[in-house]
Structure formats: C-alpha cells, structure tokens
Amino acid sequence: SNLITLANSGVLNAAGNTGIDNTDSNNYAIDTLRPTASILVANTTLLAGVSTLVTITFSEAVTGFTNADLTITNGALTAVASVNSGITWTATFTPTANTNDISNLITLTNSGLTDVAGNAGTGNTDSNNYTIDTLAPTLSITSSVAAVKVGETATITFTFSEATSNFVVGDITTSNGSVSNFTAVSSTVYTATFTPSASLAGSASITVASGTYTDAAGNTGGAGT
C-alpha cells in the first residue's frame, strides 16, 4: 500500500489562487525484499549407515529451488521438496562411505531462486557444520613366529587401523590352540600368547570376526585372520 500525495496548498494558479486539500496517486505495491534462507542439518555426527534430515527454511515462499542450487560436501541429498508451499523444504542426507572429515557444509547459492514477486536471492547460505566418520576400522593379526614346537608359544599381535576400546579376549577365536595373557599395549595394539594344542602336527589359526569391535565413533570393524 503506497501513494504519492500532493499538498495542493503549496501551488498557485495563474490568478494566484492557492490549491486546497491533497491529491493522491493511484496505489502501487513494492516488493524489493530478496528471499533469505537457513539450512539445518539435524544430526551433526554421521557414521556408516546413518542418514539425517536436512531442512531449508526461506524467509518467504520461493520458486525455482532444486538440488542444483546446493553444493553438498561428502554425501548425497535426496531431491528437495517443500512441505508448505515453498517456504520450508526438506531432504535426506547420506554421507559418503569410507570418509573421515570433521568439517563439512551444505551451501545454497541463493541466486538460483526467486520469491513469488520475482526477486532473486543473493550470496550464499551455509548450513551448520557436520562431522563424518564412515571409515570402518580394520585389523591385522601377526605372529612372532611362523611355527611352534613342543613347549613353545607365539606372541600374537592385533593391530587396528584406529583406536578401539571394546576389543576383548572373547572376540578372539582359535583353532588348534588357545590364547592367554591378553594385553592392551595401546588403543590400537593388543597382544596375546598363543599356545598350540598338544600332539598336533598341522596348522592353527587365530581369527576375529567382523562386527565384534568398533572404533571410537562407533563404526563396526572388519574381520581379521
């Protein structure tokens, strides 16, 4: 609602008569307000197999908004869809596998959308930061010797690719022997003593099944043999 108003008392005709009252123009509407946005990533700590809701909220209804207007770090986003006629949009974010990165953003290029009046957005809008750790820990198992004789033992070393705090002796499966003296040397290295079965001429094995331990973030580890 806008008018241009003339105060007629400020003007005279040729005879010197002063105008009276005011004169209004026709009404005109103004919308020079550019749309703005905020982006919220609901779950900011993402592990393997974990997805999260992303909500993009605009200051007013917009048109022309698609995933092409978004730059997505270390993941994929389902197609954005509005839940209330163009103001609030949502999608599901899934992080990239085998990734470990503590600094990630989803960025909106505002110039790719307009409000109902046709005003284009300007600049960029960043989401809150989210961390990604979808890197599953791995395990290598080595022996201090390749063969043991009667009365001998072998030192078995379990080396993880990253720290784990829930690896226990019960996670170890052996054939033709047993383990003892299970020790945590560090958060990534454990040792145990292997004693072979008596009266055996053959091979033995020490294994750890996948899913029996996790890294600090909670990602499930793979098998080791």
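**From a surface patch to an aromatic cluster**

Author: Ile4 lies in the segment before strand 1 (5-7), strands being DSSP runs (E) of at least two residues, numbered from the N terminus. The model is predicted, so local features need pLDDT of at least 70 and side-chain atom pairs pLDDT 80 or more, while totals for chains, interfaces and linings use all residues. Residues are numbered from 1 along each chain as its sequence is written, and side-chain values use heavy atoms, without hydrogens or water.

Ile4 counts as exposed at 56% relative accessibility (exposed is over 50%, buried under 20%, partly exposed in between, with a 1.4 Å probe and protein chains only). Together with Tyr28 and Ile30, Ile4 makes a nonpolar surface patch of about 310 Å² (nonpolar side chains within 5 Å, from residues with over 30% relative accessible area and no salt bridge).

Turning to the rings, a search of the whole structure finds ten aromatic pairs (centres within 6.5 Å; planes under 30 degrees apart are stacked, over 60 edge-to-face, the rest tilted). Phe160 and Phe167 form an edge-to-face pair, because their ring centres are 4.9 Å apart and their planes stand at 65 degrees; both residues are buried. Phe167 also pairs edge-to-face with Phe182, the centres being 5.5 Å apart and the planes at 70 degrees. This second pair links distant parts of the chain, 15 residues apart, since Phe167 sits in the loop between strand 17 (154-160) and strand 18 (172-175), and Phe182 in strand 19 (residues 177-184). Phe167 is buried at 3% relative accessibility, whereas Phe182 is partly exposed at 27%.

Definitions and conventions
Phe/Tyr/Trp six-rings, centres within 6.5 Å; stacked < 30°, edge-to-face > 60°. Helix = DSSP H or I, 4+ residues; strand = E, 2+ residues; numbered from the N terminus. Patch = residues over 30% accessible without salt bridge, like charges linked within 9 Å, V, L, I, M, F, W, Y side chains within 5 Å. Areas by Shrake-Rupley, 256 points an atom, 1.4 Å probe, with all protein chains shown as cover. Salt bridge = Lys/Arg side-chain N within 4 Å of Asp/Glu carboxyl O.
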